[in-house]
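The sequence and the structure come first, and the notes follow by topic.

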Amino acid sequence: MGDYGLKITRTGVATTSTDPRDYVLWSKYKSLKSQARVTTTLVLIAGTSSITKTIPHDLGYSPLFFVAAEMNSNKWYNLHAIQTIPIDSSPGFAYAISSYTNSTNLVISMSCPGKTFATNQTYNITYFIIIDEIV
Amino acid sequence: MGDYGIKIAIDGQDVETALDKNLVYSSKYNGMKIAKHNTSGAATVSHGLAYVPMFINYRRYEGTKFRIDSQVPDLGDAPHVTTSNIIFPNGNNYYFIFVDHAA
């Protein structure tokens with residue numbers, strides 16, 4: 001990049017700084033760009049113990065993403081790793097939940113081994129698709 | 001958004017024709033904004049926001065290795081966030097709380 005661009009520093013730091021950490025925005029570096037926040041639900045059908053939700057993103061490449069789920073009341077968990085989350089209403093049982101993206105979808109998979117519910121269980125999901133690509 | 005805003009293309013690309021993913025910056029998109037970046041042991045930490053924020057947490061293990069969230073095999077609950085706190089059931093946490101909200 002030539003001697004042009006846009007730089008915005010944190011309060012109290014001069015734009016002569018050469019440390020990228022001092023910048024709120026520096027056009028020398030890409031910033032992660034997020035689509036609008038989306039809320040949805042994951043519904044585990046009564047009598048079953050697993051569910052997979054497939055959410056199309058239409059980007060044509062695998063994007064970065066952030067996703068969180070309310071797996072217990074007012075307790076939100078990240079789904080970036082393969083998570084094992086105790087089921088507060090059923091001590092001794094746990095949800096196994098994970099997520100991934102590919103070139104077409106964000107996919108969230110959840111199971112609760114050895115456990116079923118008498119009624120449908122609905123979990124709130126919030127996700128952000130980052131349009132910057134993993135690959 | 002109408003036909004206005006700020007776009008910055010990567011070096012060598014025409015800002016008028018570059019794909020969005022090739023932009024350094026576009027005001028068409030949200031930037032995930034960090035409200036707090038800190039470390040914590042096993043603890044309940046007030047995040048000071050009036051809603052449930054998005055967060056990301058890395059845990060340090062074997063001295064210098066970092067894994068996202070709860071991939072470190074511990075017993076008990078996984079890190080999670082409520083309307084008032086972020087809860088770390090286990091230690092060695094390096095976390096980012098975003099301004100952007102989950103609920």
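Two residues are in contact here if their C-beta atoms, placed from the backbone, lie within 7 Å. On that basis, the contact takes 30 residues from chain B and 34 residues from chain A. The model is a predicted one, in which local features need pLDDT of at least 70 and side-chain atom pairs count only at pLDDT 80 or more, while totals for chains, interfaces and linings use all residues. Residues are numbered from 1 along each chain as its sequence is written, and chains are lettered from A and ligands numbered from 1 in the order in which they are written.

**The side of chain B that touches chain A**

- Strand S2 (23–26), strand S5 (53–61) and strand S7 (80–81) of chain B are the elements that give two or more residues to this side; strands (E, at least two residues) are DSSP runs, numbered from the N terminus.
- S5(B) provides the largest share of this side, 4 residues.
- By residue class, this side of chain B divides into 15 nonpolar, 9 polar and 6 charged residues. Nonpolar denotes Ala, Val, Leu, Ile, Met, Phe, Trp, Tyr, Cys and Pro, charged denotes Asp, Glu, Lys and Arg, and the others, Gly among them, count as polar.

**Domains of the two chains**

- Chain B is divided into domain 1 (1–30) and domain 2 (34–101), with bounds that come from an automatic or database domain assignment.
- The C-alpha centres of these two domains of chain B lie 33 Å apart.
- Chain A is divided into domain 1 (1–29) and domain 2 (38–133), and their C-alpha centres lie 38 Å apart.

**The sheet of chain B**

- An open sheet of 4 strands in chain B has the order S3-S9-S5-S6, with antiparallel pairing; two strands pair if DSSP finds at least two bridges between them.
- Strand S3 (34–40) and strand S6 (65–68) of chain B are the edge strands, each pairing on one side only.
- From one strand to the next, the twist averages 20°, with axes taken as lines fitted to C-alpha atoms and angles running from 0 to 180 degrees between N-to-C directions.

**Partners of S5(B)**

- S5(B) pairs with strand S9 (residues 93–101) of chain B in the antiparallel sense over 6 bridges, and B:Phe55 stands opposite B:Ile97 in S9(B).
- S5(B) also runs antiparallel to S6(B), to which 4 bridges join it; B:Arg59 stands opposite B:Arg67 in S6(B).
- The hairpin of S5(B) and S6(B) has 3 residues between the strands, and in this hairpin B:Glu62 takes a positive phi near 45°.
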